[in-house]
Amino acid sequence: MASSKEYLEYILEQLSGLDEVNYRAMMGEYILYYRGKIIGGIYDNRFLIKPVNAARALMPDARMEIPYYGAKEMLLVDNVDDTAFLKVLIEAIYPELPEKKKKVKN
């Protein structure tokens, strides 16, 4: 099942207190970026983020879910209505996220 554009827009609105939040559509789902780093995405109308230590600390009871078949598990953000929490969460995980991979030219 693909994610709806409406759910993406809702999550983007919830994250509007953060600068430099972007997304990229990919096969009916959406990859979310903060300051150029992948924070997670929208998969089947679920907001999932990378399971870094800061995310686990802020959401100790969060469920791990698979975004799509064959992918690594991610943390389900089920408190998407709390914009203040989302801002704290994204800012907290940012330092632990890997840098954007450089494209290799052939």
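Q: What do the side chains of Asp44 and Arg46 meet in?
A: A salt bridge, meaning a side-chain nitrogen of Lys or Arg within 4 Å of a carboxyl oxygen of Asp or Glu. Here the side chains of Asp44 and Arg46 meet that way, at 3.7 Å from N to O. Keep in mind that this is a predicted model: local features need pLDDT of at least 70, side-chain atom pairs count only at pLDDT 80 or more, and totals for chains, interfaces and linings use all residues. Residues are numbered from 1 along each chain as its sequence is written, and side-chain values use heavy atoms, with hydrogens and water left out.

Q: Is Arg46 buried or exposed?
A: Go by relative accessible area: buried is under 20%, exposed is over 50%, and partly exposed is in between (1.4 Å probe, protein chains only). Arg46 comes out at 17%, so buried, whereas Asp44 has 26% and counts as partly exposed.

Q: Which residues do salt bridges that share partners join into one network?
A: Asp44, Arg46, Arg63 and Glu65. Within that group, Glu65 pairs with Arg63, with the closest N and O atoms 2.5 Å apart. Glu65 is buried too, at 13%.

Q: How many salt bridges does the structure hold?
A: There are 4. One of them links Glu99 to Lys37, where the closest N and O atoms are 3.4 Å apart.

Q: Which parts does the pair of Glu99 and Lys37 tie together?
A: For the labels, helices (H or I, at least four residues) and strands (E, at least two) are DSSP runs, numbered from the N terminus. Glu99 sits in the segment after helix H3 (83-93) and Lys37 in strand E3 (residues 37-43), so the bridge ties together parts 62 residues apart in sequence. Glu99 is exposed at 61%, while Lys37 is buried at 5%.

Q: How many residues does the largest nonpolar core have?
A: A nonpolar core is a set of buried Ala, Val, Leu, Ile, Met, Phe, Trp, Tyr and Cys residues joined through side-chain atoms within 4.5 Å. The largest one here has 27 residues, and Leu15, Phe47, Ile49 and Ile93 have the most contacts inside it. Helix H3 gives the most to this core, with 5 residues.

Q: What is Ile93 in contact with, leaving aside its neighbours within four places in sequence?
A: Contact means heavy atoms within 4.5 Å. Beyond those neighbours, Ile93 touches Ile39, Ile49, Val52, Ala54 and Ala55. There's also a second, separate core of 6 residues, including Tyr43, Leu48, Met74 and Leu76.
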